[in-house]
Each structure stands twice: as structure tokens, then as C-alpha cells.
Amino acid sequence: MWARNAQYQEYLVGEYQIPVYSNVIYFHPNAGRNDPGGYTYTWNGYEHTNRYKVIRLIEIEGQAILERQAPGLLPFTPLMKPPTDMDSEQWVQACIDATRATPVDQQTQADLLYALYLFGSIVYNPQTFKRRIPEELMQESKGYQLMLRETTIEHIIALLEQQFHTETVRALTPMLQNIDDLERLKELLLVAPRVSNIETFTQKLID
């Protein structure tokens, strides 16, 4: 990490001649335990020191962040330190409840819940969130819709490759990726296993 950080800092200072305040954020509880926050080397009387601030989410008191109701921080709270009287299941539920109670519009709440699910899955089983966050609450999230779109395209391609030549199917991938309408992709997903040849599917695709 120290070498990568040094590269970033030196590039920014050299390119823009501005002060650089560098922070390294560790998401996983086991990450960054031994990161000293910099390094120093000396050589023939010369010395170079590179420093950065280490932030380990697990060392932040998560309850204090929940109480602040700062929308931008809520998705990271499952990765923070829970209260001593809560087990992991209770803590996840507390993070979800706080996110749902935050006074934001419906679109923003959908984005927050989806981000909570994504970041929380770094540590917890994704099903832990899926069981607690109804799908309809996340459906308006742009990130969630993008995930569904990409997954649907992958399933279409997989179904077609089971029946036809891979190269021929791959040639259709750009056309599928240009479809933004999720409902249209769902229709094609139903069609994919039923067509007798790739030409028929191609015609369905361009209709």
C-alpha cells in the first residue's frame, strides 16, 4: 500500500504542484492492521518520507455514525464497529433501519439501501441483507437496475451459448448491451431458450 500511495502522491504533486492530503481507507476488518501510515527510506545521506492517514472502518464507532444520519456514510456502517450489546445480525438490522429512517427522497433511499447491501456484503453473507431489505425498496436504485440489466444480459448469452456456436452468440453481445430497457431484455431472456436457430433470435433482437 505504501508504494502505491507514494506513486499517487508524487504524481499529483508533480503534475499539479498542490498539497496532497492522502487517506487510505480499509473496508475489511482484517485489512490494514499493520499499515504504519507511511514509510521512510535513506540512502547515501538522503532521506525520503511518505505519510498518509490510515482509516480502518472497523475502528469507527458505528452507532455514532447512525445517529448523525449522514446519508453519505450510512452505506459503510455495517463495516464499522457495532455496539458491544449487539451481535452481527442485530447490527445489520440497525444499519438498515437507520437508512430507511433517514429523511431523503425515495430515489436516494433506494440508492443508499443498494449501496448498504454492496458494501455490507464485503463482510457479511449477501443473503443477510436480501432477507432484510425487500427487493422493491431497492428497485429504483440506478445501481440495482444496472446490476439487473447486466445479469439479464449474461443469462441471455449463457442460454444461447448452450444451443449455438459461441462466436456467433458473442457477435450479438454489443446489440444486447445497447438495450437499456430492462423489460425488453427480460422478454429476450424468455425467448432465448425457445428459438430453434440463432437467426430467429437475431430477428427478435432487431424487431
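Predicted model: local features only at pLDDT ≥ 70, side-chain atom pairs only at ≥ 80, totals over all residues.
User: Why is Q9 called buried?

Analyst: The relative accessible area of Q9 is 13%. Buried means under 20%, so Q9 is buried. Q9 lies in helix 1, which covers residues 2-16.

User: Which residues are in contact with Q9, leaving aside its neighbours within four places in sequence?

Analyst: Q9 is in contact with V20, S22, N50, R51 and Y52. Contact here requires heavy atoms within 4.5 Å.

User: What makes I198 buried?

Analyst: I198 has a relative accessible area of 10%. The limit for the term is under 20%, and therefore I198 counts as buried. I198 is found in helix 11, residues 198-206. Leaving aside neighbours within four places in sequence, I198 is in contact with L160, F164, T168, V169 and L172. Of these, F164 is 34 residues apart from I198 along the chain, while their C-alpha atoms are separated by 6.8 Å.

User: Why is F119 called partly exposed?

Analyst: For F119 the relative accessible area is 25%. Buried means under 20% and exposed means over 50%, with partly exposed in between, so F119 is partly exposed.

User: How many aromatic pairs does a search of the whole structure find, and what makes the pair of F76 and F119 tilted?

Analyst: The search finds 8 aromatic pairs. In the pair of F76 and F119, the distance is 4.7 Å centre to centre, with 40° between the planes. Rings pair if their centres lie within 6.5 Å; planes under 30 degrees apart count as stacked, over 60 as edge-to-face and the rest as tilted, so an angle of 40° gives a tilted pair. The pair links distant parts of the chain: F76 is in the loop between helix 2 (62-68) and helix 3 (88-101), and F119 is in helix 4 (residues 106-120), 43 residues apart. Ring pairs also link F27 with F76 and F119 into a cluster.

User: Why is the pair of Y114 and Y117 called tilted?

Analyst: The ring centres of Y114 and Y117 are 6.0 Å apart and their planes are at 35°, so this pair is tilted. Y114 and Y117 are separated by about one helical turn because they are 3 residues apart in helix 4. Both Y114 and Y117 are buried.

User: Which residues have the most contacts inside the largest nonpolar core?

Analyst: They are L66, W91, I96, L116, F129, I133 and M138, in a core of 17 residues. Helix 3 gives the most to this core, with 6 residues.

Key: Residues numbered from 1 in each chain as written. Heavy atoms only, no water. Helix = DSSP H or I, 4+ residues; strand = E, 2+ residues; numbered from the N terminus. Buried < 20%, exposed > 50% of the residue type's maximum accessible area, 1.4 Å probe, protein only. Core = buried A, V, L, I, M, F, W, Y, C linked by side-chain atoms within 4.5 Å.
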